[in-house]
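Please review the following briefing alongside the sequence and the three-dimensional view.

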Amino acid sequence: MKNLVLTSALLLAPVATAAAGQTATIQPVVAATMPAPVVPLSSDPGTADTAPKSTPKAAPRQTPPKQTSSTKLVEPHLRVARSEIKGHARVALTFDACMGKADERILSVLVSERIPATIFVTARWLKHNPQALQVMLANPDLFELENHGQNHIPAVDKPVSIYGIASAGSPEAVRLEVQGGADAMLAAGIPAPRWFRGSTAKYDLSSIAQIRAMGYRIAGYSVNGDGGSLLGAAITEKRISSAKDGDVVISHINQPTHAAGEGVAKAILDLKAKGTEFVRLQDVEDRGDDDTTE
Ligand SMILES: [Zn+2]
């Protein structure tokens with residue numbers, strides 16, 4: 001019921017609920033009269049990454065973000081080559097480490113179960129999580145580390161607001177966000193990244209072309225696992241454990257206080273029990289739309 005309360009509340013009253021977990025003011029009667037949510041939450045809202053749980057700020061929105069009419073934003077899909085073997089679905093787990101902390105519930109399962117995954121890190125997250133980084137670097141057979149930018153600013157080269165956070169706003173600012181993320185990774189002893197995923201996972205077509213010209217493939221996804229880490233544990237587990245052959249799952253590994261992470265950890269075990277083959281982006285053929293990989 002708690003999860004239903006939260007997710008229904010996010011749909012009903014996004015402004016009032018603000019950060020995830022603010023369920024105290026929600027009346028159960030509201031949830032009881034609401035159907036299950038059908039509108040998917042964002043894959044990587046800035047609010048989930050930037051606002052501490054106890055500091056309500058801008059809420060994730062179900063209404064279209066404010067943007068200029070000339071700026072078309074895309075949220076590209078990405079899939080990996082299928083195994084085509086029944087009972088042996090191939091799935092790429094990708095995690096964003098936007099800022100904040102490391103979610104040990106997820107990290108420990110990946111390590112103990114020897115599950116390979118691709119982690120998108122920002123310079124900000126790296127700075128504050130040296131221990132988690134050491135765990136990842138100590139398991140190079142498991143963790144592929146890729147670029148999530150310097151300051152977790154949406155890589156859109158025109159000034160728009162996405163989930164309440166301002167985009168980079170110019171080609172130069174996009175370049176700084178991408179290059180700054182890569183520079184911080186190299187300084188931290190991480191191999192040079194080949195993939196980029198921007199904050200909010202949204203871009204405009206010119207920023208995609210620019211980032212591609214910098215030498216990166218751009219990592220979309222095909223399954224939004226945790227709704228920007230704002231979903232409850234049960235629905236997160238269900239979404240991720242339902243991944244099919246060739247899916248690329250996005251979820252977050254930087255929100256240890258959110259219920260979603262519990263669902264992520266359980267879903268990893270569910271998928272393993274089903275015989276899933278876990279792959280990293282660097283290990284397989286991938287195909288993204290919006291000219292992100294071709
Ligand atoms: Zn992020």
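Contacts between residues 24 or more positions apart make up 81% of those in the chain with a separation of 6 or more; two residues are in contact if their C-beta atoms, placed from the backbone, lie within 7 Å. This is a predicted model, in which local features need pLDDT of at least 70, side-chain atom pairs count only at pLDDT 80 or more, and totals for chains, interfaces and linings use all residues. Residues are numbered from 1 along each chain as its sequence is written.

**Overall composition**

- The chain comprises eleven helices and 14 strands; helices (H or I, at least four residues) and strands (E, at least two) are DSSP runs, numbered from the N terminus.
- Of its 294 residues, 51% count as buried. A residue is buried if 20 or more other C-beta atoms lie within 10 Å of its own, exposed if 12 or fewer, and partly exposed in between, with C-beta atoms placed from the backbone.

**Helix α7**

- Helix α7 spans residues 130-137, and its residues Ala132, Leu133 and Met136 are buried.
- Viewed down the axis of α7, these buried residues fall within an arc of 100 degrees, so they line one face of the helix; the arc is that of the directions from the helix axis to the C-beta atoms.
- In general, an α-helix has 3.6 residues a turn, so residues three or four places apart point the same way.
- The face of α7 turned away from the buried side carries the exposed residues Pro130, Gln131 and Gln134.
- The cover over the buried residues of α7 includes the helices α5 (104-112) and α6 (123-128), together with the strands β4 (117-121) and β5 (143-147).

**Pro130**

- Pro130 belongs to helix α7 and counts as exposed because it has 10 C-beta neighbours inside 10 Å.
- Pro130 and Ala188 are separated by 58 residues in sequence, while their C-alpha atoms are 8.8 Å apart in space.

**Residues with positive phi**

- Arg114 lies in the loop between α5 and β4, and its phi is near 55 degrees, a positive value in a residue other than glycine.
- Arg114 is exposed, because 11 other C-beta atoms lie within 10 Å.
- Tyr163, in the loop between β6 (161-162) and β7 (165-166), has a phi near 50 degrees, which is likewise a positive value in a residue other than glycine.
- Tyr163 counts as buried, because it has 22 C-beta neighbours inside 10 Å.
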